[in-house]
Structure formats: C-alpha cells, structure tokens
Amino acid sequence: MIAPQAGDVQGEWKTIGLVGLAHGTSHFFHLLLVPLFPVFAREFGLSWTELGLLVSLFYLVSGVGQAASGFLVDRVGGRPVLLAALLCFALASVAAGLAQGPGGLLAAAVLAGLGNAPFHPADFSILNQRVSLSRLGHAYSVHGISGNLGWALTPAFALGIWQATGAWRWVYAGSALLALAVLALLLWQRRWLHTGALPRAAQGEAAALAFLRLPSVWLAFSFFLCSTAAVAAIQSFAAPALAALHQAPVERMALLVTAYMLAGALGMLMGGFWVARSGVRLERNIALALAAAMMLFVLATLPGLSEQAALALVALAGIGTGLAGPSRDLLVKQAAPPGATGRVYGAVYSGLDVGFAIGAPLAGALLDAALPRGVLWLAAAWLGLALLAAQAVAHWTGRRAG
C-alpha cells in the first residue's frame, strides 16, 4: 500500500487530476451511443424501448464486471486495470463506427461496459491510497465533477462531429482517438497512479467476502441504484420527453444533457466545500440536495411552461444531484471496513450500473406509451427512494461505529 508522502501536495494533485481525467473519460463513454439514438432509430428501425435496452446491456455488463473488478483491484492495484479499461473504450468506438445494424451496436455496448466496469474501484483505491485525508473531500469532488463533465461533453462532441462531417460514423473515429490519447497520457504519467496491492486477509476468501454481511453495504448499493436510475431517465429520454410536453423540436432539446451535467459539475464543486464545512452530517446534505432536485423535476412538467423554463428547471436539478456527490462518496468510505476498499466500492458502485440498466428502458417505455410527463416523475420518485436509502446507510454505519 502507498502512503501519501508528507508535504507532497503537488504529487497528490497530479494523482487527483489524472484520476479525474480517467473518470471523465469513462463517463464520456457511458453515452457513447445515446446522442445518436435518433439516427439509430431511423436507420436501423429501433424503438425508444429497444434503444433503452442498449443502455441496459452496457450497464449490465459494467455492473457484473464492477463487482468482480473490485477484487482484482485489491490484488493487483488500480493502475493496470484502469489502462486496460481505456483500451476497451477504443475498441467499443471501432465497433460502433462499423455497425451495420443492431448487432454492431450491441457489440459496442458490451465492449464499453467492460471498459467502464473497473473505474470506481480503481479510481477510489488510487485516491484513498495516494491522497491525504485533508484533501480527500476535494479529491472526491474533482472525481465527481470530472464525471459530470464527461457526460456533458459527449452530446456536444457527437453532435459537433456529426454536423461538421454529415456522417455519424466519424463520431466514433473521434471517440476512439480520444480514448487512445487519454491512455497514452496515463501511461506517460503512470508513476502518479501507482498503488500497492492491499494485504490479503489471513483467514482466506471467506474473510474477503465478510463485508457482504454488512447492512450498510447493501443499503449503499440501494442508494446508488435509485439515484442513478433517476439520472438514466434524464440522460436517455428527458430531451424527447420535454420536447413532447412543451411542443418543441427535439433538436432544440438535444443539449439538455449537457446543461444538466454542467450544472451537476457545479454542484459537485460546491458539494466538496459543503462537506468540509458540514462535518459528519453527510445524510443531511444528501437529503436536502436530492429533495430540491425532486421538486425541480416535478415543476418542469407543469402545463403552460415555456420550453426555456422547463430546460432551466431540469438543468438546475443537476446542481442538486451534484451537491450530494461528495457527501455520497464519503458516506461509502465510512461504510467500508479497513482493507476492503476496492471490494466495497466495486460492490456498492455496481448499484450505479443496475440503476442505469433499470432506469433507461423504463423511461423509454413511458415515452413509447405517450407518457412524457412520467419520465420526469419517475426520475423524481427514484431520487426519493435514494434519499431514504442514504438515511439508512448513515444509521447502520453509526451503529457499527458505536
């Protein structure tokens, strides 16, 4: 295990920056297919529900892989796993760019899911080993911000290349080059990502799985499942839902995800300072932030709103979900037993993948059923369940500490 060196502030920030770049890249590839859903619907004859199932496949592969990769990260360290993941993203881009029908899109979703799988256990293992406690809250904030910026970049990147070239396949040539460029940078600066393998428990594999008996771990898993099911609904189908609700061209709503994620990045930045000032009341922070986002989602569906007002309300909800991010990550750290960081983050953060896998097709089905208002209401309901789960995590973590 690598202990942070006293006074090496510059080195810690290099680690934070590199991990943030890698995390932002992983989020960029979460939406590898989503911005071109209207194109795939037209060219390959796919429904919104079927397109939502592509998102489900991505997150199903990622979720299973994430739970398993936590054990791998604990054994070999985060860096080699992270580098292999970026190569998978480049291969996913090649598969998408060469797709001649749904089969090619399925292959791209699987490869991108494999690439996404190890990011949270690898990222947090590197940060927890290389960054001192005094900067860890800010490290988590940067990590969360970079993820939101990755999400925000994908629609602008895809639509920009598509409009400039007139050919959607060039989007995936660009995304492959992006993955390879980040891989080259991390290889060049790999010393700042080095960690040691965590010591294995003498009791063997049964002890390694003991964390699965902790209620706080499964409650944290539930929190991630519910909160990300809400994000999945917004990312995948809020734009066409708002277009249908407020009689606006869907093209004008296309950058809604970018606006929402940029607002989320601002919320993450604010959330890092909020954690530092509010101390241990992490569950209170999460409750306040998510309740505000829920209210804004519901308000965006009110009849008579202009499309600009609806867009602004959904974008502002991103600040609420972003504010909860650093508090959420520290809450998971408190729930993790010593020596099981990778395993706990792998298990808990696989809830992200399950949430996305469930949330996207459900929202797509509502849109196919001509219930666009239900997409936003569903997102608000998921956040309400996440709020309750966070309170339960804090309760069980406090009991264990006591």
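Welcome to this structure: the axes of helix H1 (residues 9-30) and helix H7 come within 7 Å and cross at roughly 35°. Axes here are lines fitted to C-alpha atoms, for helices over the stretch in contact, with angles from 0 to 180 degrees between N-to-C directions. This is a predicted model, in which local features need pLDDT of at least 70 and side-chain atom pairs count only at pLDDT 80 or more, while totals for chains, interfaces and linings use all residues. Residues are numbered from 1 along each chain as its sequence is written, and side-chain values use heavy atoms, leaving out hydrogens and water. Helices are DSSP runs (H or I, at least four residues), numbered from the N terminus.

**H1 with H7**
- H1 passes H7 in a right-handed crossing, meaning that the near helix is turned clockwise from the far one by less than a right angle.
- By class, their contact has 10 nonpolar, 12 polar and 2 charged residues. Nonpolar covers Ala, Val, Leu, Ile, Met, Phe, Trp, Tyr, Cys and Pro, charged covers Asp, Glu, Lys and Arg, and the others, Gly among them, count as polar.

**H7 along its length**
- The 33 residues of H7 should span 48 Å at 1.5 Å a residue, and its end C-alpha atoms are 47 Å apart, which agrees. The expected span is 1.5 Å times one less than the number of residues.
- H7 bends by about 25° at Leu 153, and Pro 155 follows within four residues. A bend is the angle between axes fitted to the seven residues ending at a residue and the seven starting there.
- After H7 comes Gly 166, with a positive phi near 75°.

**H6 with H7**
- The axes of H6 (residues 119-130) and H7 (residues 133-165) come within 11 Å and cross at roughly 150°. That makes H6 roughly antiparallel to H7 (an angle over 145 degrees).
- In H6, His 120, Asp 123, Phe 124, Leu 127 and Asn 128 meet Leu 136, Ala 139, Tyr 140 and His 143 of H7, where contact means heavy atoms within 4.5 Å.
- This contact of H6 with H7 has 5 nonpolar, 3 polar and 1 charged residues.

- H3 (residues 48-76) has 29 residues and reaches 41 Å from first C-alpha to last, close to the 42 Å expected at 1.5 Å a residue.
- A kink of about 30° in H3 is centred on Ala 68, and just after H3, Gly 77 takes a positive phi of about 95°.
- The axes of H3 and H5 (residues 102-116) come within 7 Å and cross at roughly 35°, in a right-handed crossing.
- The residues of the contact of H3 with H5 divide into 10 nonpolar, 3 polar and no charged.

Methods: Helices (H or I, at least four residues) and strands (E, at least two) are DSSP runs, numbered from the N terminus. Angles under 35 degrees count as roughly parallel, over 145 as roughly antiparallel, 65 to 115 as roughly perpendicular and the rest as oblique.
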